[in-house]
Amino acid sequence: MITILTIIFVTLLSSSHVLAKTDDGTARTPPMGFLSYTAFDTDTDCDRYPNSCINEQLYKEMADRLVADGFADLGYRYVNVDDRWMEKDRDANRRLVADRKRFPSGIKGLADYMHSKGLLLGIYGDIGNLTCSGTLPGQNNHNTGERDFFDIDAQTFAEWGVDSFKQDGCYEDVKKYDQLYPRMGDELNKTGRHILFTCEWPFFQYVLGGIHPDYAAISRTCHTYRNYKDVLDSWASIDEIIKYYGDYNDEFIKYSGPGHFADPDELTIGNSGLSYDQSRTQMAMWSVWSSPLLISTDLRKLRPEYKAILQNRELIAVNQDRHGIMAKMVYRDNDHQIWVKPMEPVIGGQWSYAVVYLHKRPMGHPIYMSKTVSELIPDVKDNTKYEVHDLFLDDGKEILGTVGKNDRLELLVRPSGSVRMVKLVVK
Ligand code: GLA
């Protein structure tokens with residue numbers, strides 16, 4: 001009897017799928033929304049900067065714009081608060097308190113506001129003692145030797161109705177992240193509320209700490225994970241991020257999929273630092289990488305051409321493809337790159353593909369970039385045909401032609417960080 005029971009038990013154990021935190025149904029496609037950091041930093045001087053300091057009014061006004069200007073209908077639903085939303089001291093029950101002057105309705109009030117508009121609220125914290133701005137409380141507590149606050153903070157966020165939690169990685173020993181981030185994930189899980197968990201584990205551990213991150217564990221714990229430096233409002237920063245994603249492409253592809261996406265940080269489109277073409281490039285790359293699309297610009301002042309980039313339905317569809325695959329870099333030299341992302345429609349086992357041609361040389365006239373279909377899609381079948389859809393309509397029409405295995409996909413691309421982006425739709 002014991003033997004039979006043991007066999008049944010062992011069989012049950014081995015056949016049962018251990019659910020990761022990130023299998024909880026949250027972020028089946030990359031999250032979309034707004035995050036304040038690059039555009040608004042952590043300025044708290046509301047007397048001098050009443051329209052751009054970190055306060056509840058800022059997030060409410062961004063929410064209003066998301067809804068009124070058509071972003072929410074396209075999927076941009078998270079409104080994410082960043083650093084410096086909280087008071088320096090916890091309350092008598094050790095709970096975090098929103099800054100009383102700048103967030104008079106509290107985070108619960110702000111979450112209610114977002115939910116009343118069909119939006120979601122994200123909040124910010126830090127795995128260490130202090131948040132990254134250096135003076136406000138994180139989830140840990142080394143100074144006093146008292147208990148840490150992982151459980152209390154997770155419960156508080158759930159009670160407030162928070163939908164997403166960004167946990168930064170300052171003021172902590174990066175060697176402990178393999179234990180600490182999963183613990184926070186567990187505490188969020190225990191609340192029973194679906195809270196998207198976004199962490200900076202691989203960025204701090206690898207780029208700053210030199211320890212190769214355990215991406216398998218990270219992708220089980222964090223729905224999205226920042227793996228590189230803070231994005232800045234400049235082409236140099238975008239170019240550096242694109243290089244990094246190229247360098248580690250094989251590794252990142254393995255750990256990108258529904259429920260867990262690599263996060264190259266915010267979209268800086270609409271600010272001062274990127275040209276129109278470079279803005280298209282950021283949107284194209286973030287789309288083929290299946291990365292979170294988190295807008296960081298003042299939506300009250302967004303120019304129409306940048307709004308059009310952020311609202312390009314074809315690119316959003318590439319980003320939101322249900323398979324959540326990260327593009328493969330199939331070609332790179334100093335001045336050019338080509339990225340290919342498999343996606344729907346899939347017909348008879350044959351996939352469709354989004355393709356980005358990137359031309360970086362900062363001078364000269366537009367040049368033709370050209371590859372055969374078999375160079376882009378190494379396992380293409382002899383008879384498969386693809387209709388070529390121009391996702392930015394650069395030639396003024398949607399369908400550019402039909403190509404098969406030995407045909408060339410040749411596109412004229414402007415210089416200085418510009419892209420052409422097409423979709424090869426399987427026929
Ligand atoms: C770190 C993070 C940023 C931002 C700031 C806030 O630098 O990487 O994304 O949250 O902290 O202080």
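Ala, Val, Leu, Ile, Met, Phe, Trp, Tyr, Cys and Pro are counted here as nonpolar, Asp, Glu, Lys and Arg as charged, and the others, Gly among them, as polar. The structure is a predicted model, in which local features require pLDDT of at least 70 and side-chain atom pairs count only at pLDDT 80 or more, while totals for chains, interfaces and linings use all residues. Residues are numbered from 1 along each chain as its sequence is written, and side-chain values use heavy atoms, with hydrogens and water left out.

Grid points are joined across faces, edges and corners, and a volume is the space filled by probe spheres set on the points. One cavity of 30 Å³ or more is present, and the volume of the largest cavity is about 170 Å³. Its lining comprises 19 residues, of which Leu35, Asn80, Lys166, Thr198 and Leu294 are the closest to the centre. By class, this lining of the largest cavity consists of nine nonpolar, five polar and five charged residues. At least two lining residues come from each of strand 2 (78–80), strand 3 (120–126), strand 4 (164–168), strand 5 (196–199) and strand 6 (224–226); helices (H or I, at least four residues) and strands (E, at least two) are DSSP runs, numbered from the N terminus.

The ligand is surrounded by Tyr37, Asp82, Asp83, Tyr124, Cys132, Ser133, Lys166, Asp168, Glu200, Arg226 and Asp230, on the criterion of a heavy atom within 4 Å. This shell divides into three nonpolar, one polar and seven charged residues. Polar contacts were taken as pairs of N or O atoms within 3.5 Å. A side-chain N or O atom of Lys166 is 2.8 Å from an oxygen atom of the ligand, and for Asp168 the corresponding distance is 2.8 Å. For Arg226, a polar side-chain atom lies 3.2 Å from a ligand oxygen atom. The protein buries 92% of the 310 Å² that the ligand exposes when taken alone, with accessible areas from the Shrake-Rupley method and a 1.4 Å probe.

The largest pocket has a volume of about 320 Å³. Among its 17 lining residues, Lys88, Asp89, Arg90, Pro137 and Asn141 are the closest to the centre. Four nonpolar, seven polar and six charged residues make up the lining of the largest pocket.

Three disulfides were found in the whole structure, each defined as a pair of cysteine sulfur atoms within 2.5 Å. One of them links Cys46 and Cys53, with the sulfur atoms 2.0 Å apart; this link is right-handed, with 100 degrees about the S-S bond.

Two backbone features were also noted. Glu344 and Pro345 are joined by a cis peptide bond with omega of about -5 degrees, and Pro345 lies in strand 10 (residues 336–347). Asp265, although not a glycine, has a positive phi of about 85 degrees and is located in the loop between strand 7 (261–263) and helix 12 (276–288).

Note on methods:
1 Å grid on protein atoms, 1.4 Å probe; cavity = no way out; pocket = protein on both sides within 12 Å on 5 of 7 lines; lining within 4 Å. Polar contact = N/O pair within 3.5 Å; in protein donor to acceptor, adjacent residues only side chain to side chain.
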